[in-house]
Amino acid sequence: MLTKLYPMVQFRPDTWEIDEFDCASMFLLIGTEKAMLIDTGMGIGDLRGAVEMITRKPLIVVLSHGHIDHTGNARQFDEVWIHRKDADSPMPDSLQRRRSDTEHIARRQKSSIGAPYTMFHLYPYDINVDLRDPSPDEKMPVIHELKDGMQFDLGGGRIVTAYECPGHTPGEMVFLDEKNRILFAGDALNHNLLAASMPAETTLRALKRIQDMSGRYDGIYNGHHDFRALGMPLDDDCLPTVIEILEDAVHGHLAPCQTPSFWGQDIPLTREISDMPAFPGMGKMITLRRGRCWVHINPDSILENGSSPS
Ligand SMILES: [Fe+2]
């Protein structure tokens with residue numbers, strides 16, 4: 001039997017953060033009529049079973065983007081919603097890659113920068129059992145296209161609006177629960193933000209749009225709790241600091257720095273990442289830092305018109 005023992009916390013009424021053992025965070029929002037699950041993790045355990053322990057209401061599953069650690073258990077559900085620009089992502093990615101990332105994250109969380117935010121140092125799952133390829137009866141879900149401004153009515157006035165926020169991936173989406181004043185950001189924002197899939201100018205505009213909505217939410221919850229406690233939002237410095245970093249880049253102020261060794265390896269100031277299968281076609285990447293935020297961008301793709309900033 002697959003584990004359902006995810007650490008989880010109800011941080012607002014009918015609003016849960018489900019922690020996939022420090023790999024990724026999923027969010028469950030329950031209205032009077034329907035429920036919504038945001039993201040499906042790396043694919044460890046019985047996510048659907050865990051959700052059904054909390055609610056049996058009809059479930060809408062949305063994917064913030066197409067990365068390996070957000071689509072892993074998508075096949076446990078009949079239908080999912082994702083932006084068309086991320087819809088070609090494998091669901092799930094290869095078992096080998098998911099296993100490697102899962103082991104890396106467990107090691108990282110026990111030893112380095114993520115450790116203060118780790119729930120447990122003993123993960124209650126068996127990687128040989130709970131992380132697996134889909135069984136033959138777990139078919140690809142029906143894919144629905146998420147679009148900017150699309151609204152999902154969960155009942156009782158709980159309406160969740162999806163917004164495009166490209167940067168981390170071209171099809172990255174965020175979700176605004178206006179009644180409860182929460183923004184669910186997927187990987188569009190974090191203190192350690194990979195934003196090399198789009199020109200920095202595009203990422204900047206998308207994040208400024210999110211900032212312009214700040215009167216409609218009190219907290220931002222992103223898709224990992226590596227820089228925040230479970231059930232707590234990102235600190236208020238995160239969004240404005242990331243925006244400052246990107247504004248600097250767009251104005252030609254680039255001071256690449258070395259990234260902290262999140263994965264236990266030395267990372268050069270400029271690195272080619274074209275050999276990383278997770279990030280095809282992104283080319284070079286540099287890391288920019290301000291305060292306690294790091295943003296990784298492609299120095300060859302800063303302005304949308306392709307010219308170099310002056
Ligand atoms: Fe991601």
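The term buried applies from 20 or more other C-beta atoms within 10 Å of a residue's own, exposed applies at 12 or fewer, and partly exposed covers the range in between, with C-beta atoms placed from the backbone. The model is predicted, so local features need pLDDT of at least 70 and side-chain atom pairs count only at pLDDT 80 or more, whereas totals for chains, interfaces and linings use all residues. Residue numbers start from 1 along each chain as its sequence is written.

**Stop 1: the turn and its strands**

Asp 22 lies in the loop between E2 and E3. Helices (H or I, at least four residues) and strands (E, at least two) are DSSP runs numbered from the N terminus. Although Asp 22 is not a glycine, its phi is positive, at about 75°. Display Phe 21 as well: in this turn of the E2–E3 hairpin, which places five residues between the strands, Phe 21 has a positive phi of about 55°.

Next, select E2 (residues 15-19) together with E3; the two run antiparallel and are joined by five bridges. Strands are said to pair if DSSP finds at least two bridges between them. Across this pairing, Glu 17 stands opposite Phe 27 in E3.

How many of the six residues of strand E3 (residues 25-30) are buried? Six of the six are, so E3 is largely enclosed by the rest of the structure. Ser 25, Phe 27 and Leu 29 point one way from the strand, and Met 26, Leu 28 and Ile 30 point the other way.

The hairpin from E3 to E4 passes through four residues, and Phe 27 stands opposite Ile 38 in E4.

**Stop 2**

Move to Ile 54 in helix H1 (residues 47-54). Ile 54 is partly exposed, because 15 other C-beta atoms lie within 10 Å. Beyond its neighbours within four places in sequence, Ile 54 is in contact with Trp 16 and Leu 28; contact requires C-beta atoms, placed from the backbone, within 7 Å.

Then centre on Pro 92, in the loop between strand E6 (79-83) and helix H2 (95-111). The peptide bond from Met 91 to Pro 92 is cis, with omega near 0°.

**Stop 3: the five-stranded open sheet**

Select E8, E9, E10, E11 and E13, which form an open sheet in that order, with mixed pairing. E8 (151-153) and E13 (219-222) are its edge strands, each pairing on one side only.

In the loop between strand E10 (173-177) and E11 is Arg 181, a residue other than glycine with a positive phi near 60°. Is Arg 181 buried or partly exposed? With 13 other C-beta atoms within 10 Å, Arg 181 is partly exposed.

E11 (residues 182-186) pairs with E13 in the parallel sense over four bridges, and Ile 182 has Gly 219 as its bridge partner in E13. Asn 222 is also found in E13 and counts as buried, because it has 25 C-beta neighbours inside 10 Å.

**Stop 4**

Finally, show helices H4 (residues 200-212) and H5 (residues 238-250), whose axes come within 9 Å and cross at roughly 150°. The contact includes Leu 204 and Leu 207 of H4 and Val 242 and Leu 246 of H5.

Highlight Val 242 again: with Leu 28, Val 62, Val 174, Val 295 and Ile 297, Val 242 touches the most other members of the largest nonpolar core, which has 77 residues. Such a core is a set of buried Ala, Val, Leu, Ile, Met, Phe, Trp, Tyr and Cys residues joined through C-beta atoms within 7 Å. H5 supplies the largest share of this core, seven residues.

Terms used: Axes are lines fitted to C-alpha atoms, for helices over the stretch in contact, and angles run from 0 to 180 degrees between N-to-C directions. Two residues are in contact if their C-beta atoms, placed from the backbone, lie within 7 Å.
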